[in-house]
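Here is a brief report on one protein chain. It moves from overall build to the cores, then to one helix and one of its residues.

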Amino acid sequence: MAAKAKIKLIGIEQTQKRFIELPISKSLSNRALVLSYLNKNNIDDLAISTANDSQLLKNILKNELVESEINVEDAGTVARFTLALCAVDDKTRLIYGTERMNQRPMVPLINALTQLGARVECLNKEGFLPVKITGTLAPSNHVEIDSKNSSQFLSALLLIAPKLPDPFTIELSSEIASNPSVDMTIKCLKQFGFDIRESQKSIVISKIDELKLNKQKLEEGDWSAAIYPLLINRLINANNHTETKEQTEITITNLVKNSYQGDSIVNTILSKLGLELSYHKNGLGVTQISSVDSCIEMNLSKNPDLAQPIICYLAANKYLGNISGLHTLKYKETNRLLALKKELEKIGAVIEIDDDSLNILGYETGLEKGVFKTYNDHRMAMSLAFLQITHPEFEIENPNVVNKSFPNYWEILKSMGLQYQLTTD
């Protein structure tokens, strides 16, 4: 049995100024890879994220689409985009993933791809991987999709536009989950010369121009990663027990203000925590400008990937909170609502969850030391790092799981003054 790695915070060195460069957005990278591949561009010419998900997708596009079996591992986005790609050619392929990936529902996308003309056979359970899929070279010119549980189903359909009839219509049977992700996909399509007409009930896609690619727009830093160093910076300063009380200030150098990414709305969200982002010539920083409400209320239905860091930040500060709009979290790398409840209860947080929300009702006496579980979820590991600042006797298991989206996460935190010890059992 392989040794289990854990990481422990053993000290904080107060620093003055640090400049941080985030990974390229994996969401933008994944969309750029698919569109470049379908437009017969050399995907090696793209600067893409170093995240495991993007590197896996690139490898599939370069090598595995010619194979009869494709392993999408634990990558939900990669699974959905790959399924859609395989629906628009005439090969037969087996697509499968990890045990957890095979438990994540695919029904809306499978139904839509079947309407296109693809033949999809679910090998274990209807609506789930593994599947055997045979594509079609003459797809239908319209489909209907239920996108309430994942915007990635709709994004997967949008991204195969270069292989679909022109114009192509997607009929929407429900409200779109996490609209910003779909908006990002549409903006990327426009970069590749497509016209998109949207209404509440449909999306119509037409090709109008040759490729007009602005690579800079597709290679910006990851806004969903930005929240981690920004909030940790505030926690370091709030827990500064040195005599000088010297403040640590960070500047993120590769974020774009008018970004395609939905999580660039983070400034609005952080304002509820009394924080404000500040743009200057060197990049982006964050300052504490006000106190916070006695109970913080947020609806994160359009930005669910920000839920874990925000909830762990609240718990680290012993704030009360009611965070809603979280109905998609149970379908992620783990059931994130249940995982958060279990781990926060270790430090004494009183947590109540339902299908859509997590409430922090108060705090009791928790454990003095222990191990935080990550459930093989990159965002759990990154968010639990917040709690180590206020509960330094806790270790975090499987720290390398951050490679899925933020491979140099721990190195970034070290540059901010956090000192770690890595152990194995």
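Buried residues make up 56% of the 425 residues in the protein chain; buried means under 20% relative accessible area, exposed over 50%, and partly exposed in between (1.4 Å probe, protein chains only). This is a predicted model: local features need pLDDT of at least 70, side-chain atom pairs count only at pLDDT 80 or more, and totals for chains, interfaces and linings use all residues. Residues are numbered from 1 along each chain as its sequence is written, and side-chain values use heavy atoms, without hydrogens and water.

**Overall build**

The protein chain has 13 helices and 20 strands. These are DSSP runs numbered from the N terminus: helices (H or I) of at least four residues, strands (E) of at least two. The radius of gyration is 22 Å, close to the 22 Å of the globule rule for 425 residues, so the chain is as compact as a globular protein of that length. That radius is taken over C-alpha atoms, and the rule is 2.2 Å times the number of residues to the power 0.38. Among contacts with a separation of 6 or more, 72% join residues 24 or more positions apart. Contact means heavy atoms within 4.5 Å.

**Cores**

The largest nonpolar core has 71 residues; Ile232 and Tyr409 touch the most other members. Helix H8 (residues 223-238) gives the largest share, 10 residues. Apart from this core lies another, of 65 residues, with Ala32, Val72, Val88 and Leu218 among them. A nonpolar core is a set of buried Ala, Val, Leu, Ile, Met, Phe, Trp, Tyr and Cys residues joined through side-chain atoms within 4.5 Å.

**Helix H4**

In helix H4 (residues 107-116), Pro108, Leu109, Ile110, Ala112, Leu113 and Leu116 are buried. Which elements do the buried residues of H4 pack against? The table lists them.

| Element | Residues |
|---|---|
| helix H3 | 76-86 |
| strand S5 | 119-122 |
| strand S6 | 131-134 |
| strand S7 | 142-145 |
| helix H5 | 151-159 |
| strand S8 | 168-172 |

Gly117 follows H4 and has a positive phi, near 125°.

**Leu116**

Leu116 sits in helix H4. Its relative accessibility is 2%, so Leu116 counts as buried. Beyond neighbours within four places in sequence, its contacts include Thr136, Val143, Leu157 and Phe168. Ile396 is 280 residues from Leu116 along the chain, and their C-alpha atoms are separated by 45 Å.
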